Amino acid sequence: MARASYLQRREGRYCLQIRFSRSVAALFGKEQYRSSLKTTCYKEAKLRLTDVLSWFHRMNDALD
């Protein structure tokens, strides 16, 4: 089974890793956003990922 995009496993826990848009990257001074999803369970990580991605895409679109 393929893993969902943006998910990365680090030290047994799942993390989100996604690129900022150019304007947001200039604002924050970094190209990528990384955040722990605070779970070791893949199913739980996918659920948490959808919540964070909806927030991330709204923020990215608003600043463009």
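Reply: Start with K30: leaving aside its neighbours within four places in sequence, K30 is in contact with F20 and A25, where contact means heavy atoms within 4.5 Å. Before going on, note that this is a predicted model, in which local features need pLDDT of at least 70 and side-chain atom pairs count only at pLDDT 80 or more, while totals for chains, interfaces and linings use all residues. Residues are numbered from 1 along each chain as its sequence is written, and side-chain values use heavy atoms, with hydrogens and water left out.

K30 is found in the loop between α1 and β3. Those labels come from DSSP runs, numbered from the N terminus: helices are H or I with at least four residues, strands are E with at least two. At 47% relative accessibility, K30 counts as partly exposed; buried means under 20% relative accessible area, exposed over 50%, and partly exposed in between, with a 1.4 Å probe and protein chains only.

E31 is exposed at 55%, and R19 counts as exposed at 52%.

Now back to F20, one of the residues K30 touches. F20 is part of an aromatic cluster with F28, Y33, W55 and F56. Rings of Phe, Tyr and Trp (its six-membered ring) pair if their centres lie within 6.5 Å; planes under 30 degrees apart count as stacked, over 60 as edge-to-face and the rest as tilted. The whole structure has 7 aromatic pairs.

F20 also belongs to the largest nonpolar core, which has 14 residues, and it is among those with the most contacts inside it, along with L7, Y14, L16, L37 and L49. Such a core is a set of buried Ala, Val, Leu, Ile, Met, Phe, Trp, Tyr and Cys residues joined through side-chain atoms within 4.5 Å. β2 (13-19), α1 (22-28) and α2 (42-63) each supply at least two residues of this core, and the largest share, 6 residues, comes from α2. In soluble globular proteins, nonpolar side chains tend to be buried together.

What about the strands? There are 3 of them in an open sheet, ordered β1-β2-β3, with antiparallel pairing. β1 and β3 stand at the edges, each with a single partner strand, so one side of each is left without a neighbour in the sheet. Two strands pair if DSSP finds at least two bridges between them; β1 and β2 have 4, and β2 and β3 have 5. L16 in β2 is the bridge partner of L7, and L16 stands opposite S35 in β3.
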